[in-house]
Amino acid sequence: MASEDEEFTMLFQDFYPSLCRFLECLLGGRAPLAQDLAQESFLQLHRTAWGTLPAGEARFWLYRVARNMAINEFRKSNTRYRLFDRVVEAMRPRTRNPEQEYETQEQQTLVLEMLQTLPEDQRTALLLREQEQLSYREIGQVLNVSESKVKVDIFRARASLRERWSKRVKTAGASVS
Amino acid sequence: MNCNFTEKVSSLIDGELSPSDAREVERHLLNCGECQQMRADFLNLRSQIAGFETSLQPVVQNRALKKILSTPRRAPAFGLQWSFGKAVAFASLLIAGALMGFMLYQSSNSRGPQSGREVVAVNEPTPVPSRSTGSTGSTGQQQQKPEPEPSPAPRKDNEENNPQRKSAPKRPLVREPKPGEQFAAIPAAPETPDRVTSADAETMTAMHFDKSETLLRSFRNVRLNEPGSAAEVSYERQRAQQLVYQNMMLRREAEARGDVQVASLLESLEPILLDISNLPDKPDADAVRVIRARVERKNIVPLLRVNSTALARALDD
């Protein structure tokens, strides 16, 4: 039992931050909610599936459960304004200097905004590829789709983001000139 | 994006191409500016997305871990599913069993007396049609038949023209409730069918006693030339085989209606009929004598005579 908890702790330390980041990008920000959902995913793993999953499957299981929770959250509160999330985000302690913080914040907000323009399945596949470095096969395992669909989804997501990015750059250039 | 390699560029930067395909795309990239730009843009996007930093604090992470570890673990998922499935299967079995039991109960209630009478009517002729017509007089005088001969031989004719058998299906055993009528009203149906049913059973019992008496008398008269020699009992054995089943049916009916005397007599008769029906074609004379002795010891032949007469008189009344 103790060794199981140790193993679980190691898994948690390794993947909890990644899962939070994945969920935050998937949800378009809302860090507190992302952390709650990540915690809930680990809680479910610990209570029900831990010890029954084959070795190496826990990570995919976590991403699958977390993604389903995020989808439920979309349906539940897609149009609801999360004031609490914004307040928590505003009260979050900052460690960098304000200028650097501002730049990073701007960049991250831009990334999140662009990601939110993608369909959910393309966004998830791209995030699992770019942030978690999962292979197409592994992404297909998480999303329960074929490798070829993963490949097409990732390509379309990249192409779509690239197009938006170039438009944004052009607009920024025009406004500067 | 007019180049055909654009999708392969995406797979190339993910390392998802086979070595030969990867070499081909890389060769293409040397000469295609559009694909070069695309690869650069894709890699730039990657750095933007991968560089996204979450605002997770170590304190929050540790608190979450403590909370998770302090939560008791449930049974493994597959065990939970198995026990749930088992519970569902058990519940289904219970429901199916209850339904089957209810249906059997319903069918036995609705068809039991009718089918029982039918068996009796098929197997047994009416010994004294005047009695039965007397008891069934309320159902119609067209069922009356000429007085049969007293000897057992003509009874086969009576079997074929059994008035009770013909009239039985015409009698409604259970009155259909009218719309809106309470079930409590059903027992208030006319008493005639019940009385007739009882009379049928008693008639059949009287006949059965009569036949059994004849059989036992015949069995008592089987000739045994010498001790240890074979006896010819094929007729008696065949007759006993016919009567055993009927004996069982009538005994159950007598027990069901609480007629202890008849039930007791039928119970005494049953093993004797069974013994006779189980005799071989050429039984040992001693085996026949043993059965005879039992018949004599139980004094069963006079009892059969008395009871059949008593029943016949009761039916006449």
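Trainee: How are the residues and chains labelled, and what limits apply to the model?

Mentor: Residues are numbered from 1 along each chain as its sequence is written, and chains are lettered from A and ligands numbered from 1 in the order in which they are written. As the model is predicted, local features need pLDDT of at least 70 and side-chain atom pairs count only at pLDDT 80 or more, while totals for chains, interfaces and linings use all residues.

Trainee: Where is confidence lowest and where is it highest in chain A?

Mentor: pLDDT is the predictor's confidence in each residue, from 0 to 100. Chain A averages 82, and 82% of its residues score at least 70. Within chain A, helix H4 (residues 83-91) has the lowest confidence, with a mean of 57, and H6(A) the highest, at 93. Where pLDDT is low, the predicted coordinates should not be read in detail.

Trainee: What makes Asn144(A) exposed?

Mentor: The count for Asn144(A) is 7 other C-beta atoms within 10 Å, so Asn144(A) is exposed. Asn144(A) lies in the loop between H7 and H8 of chain A, and its phi is positive, about 60°, although Asn144(A) is not a glycine.

Trainee: What makes the largest nonpolar core a core, and which residues have the most contacts inside it?

Mentor: A nonpolar core is a set of buried Ala, Val, Leu, Ile, Met, Phe, Trp, Tyr and Cys residues joined through C-beta atoms within 7 Å. The largest has 44 residues, and Leu23(A), Ala38(A) and Ala66(A) have the most contacts inside it. H1(A) gives the most to this core, with ten residues.

Trainee: Why is this core said to lie between domain 1 and domain 2 of chain A?

Mentor: Domain bounds come from an automatic or database domain assignment. Domain 1 (1-92) and domain 2 (98-177) of chain A both give residues to this core, so the core lies between them.

Trainee: Which residues is Leu23(A) in contact with, leaving aside its neighbours within four places in sequence?

Mentor: Two residues are in contact if their C-beta atoms, placed from the backbone, lie within 7 Å. For Leu23(A), the partners are Ala34(A), Leu37(A), Ala38(A), Ala66(A) and Ala70(A).

Trainee: How many helices and strands does chain B have?

Mentor: Helices (H or I, at least four residues) and strands (E, at least two) are DSSP runs, numbered from the N terminus. Chain B has 13 helices and zero strands. Buried residues make up 26% of its 317 residues. In H1(B), the buried residues are Lys8(B), Val9(B), Ser10(B) and Leu12(B).

Trainee: How many residues of chain B are in contact with chain A?

Mentor: There are 30 residues of chain B in contact with 36 residues of chain A. H3(B) gives the most to the side of chain B that touches chain A, with seven residues.

Notes. Buried ≥ 20, exposed ≤ 12 C-beta atoms within 10 Å, placed from the backbone.
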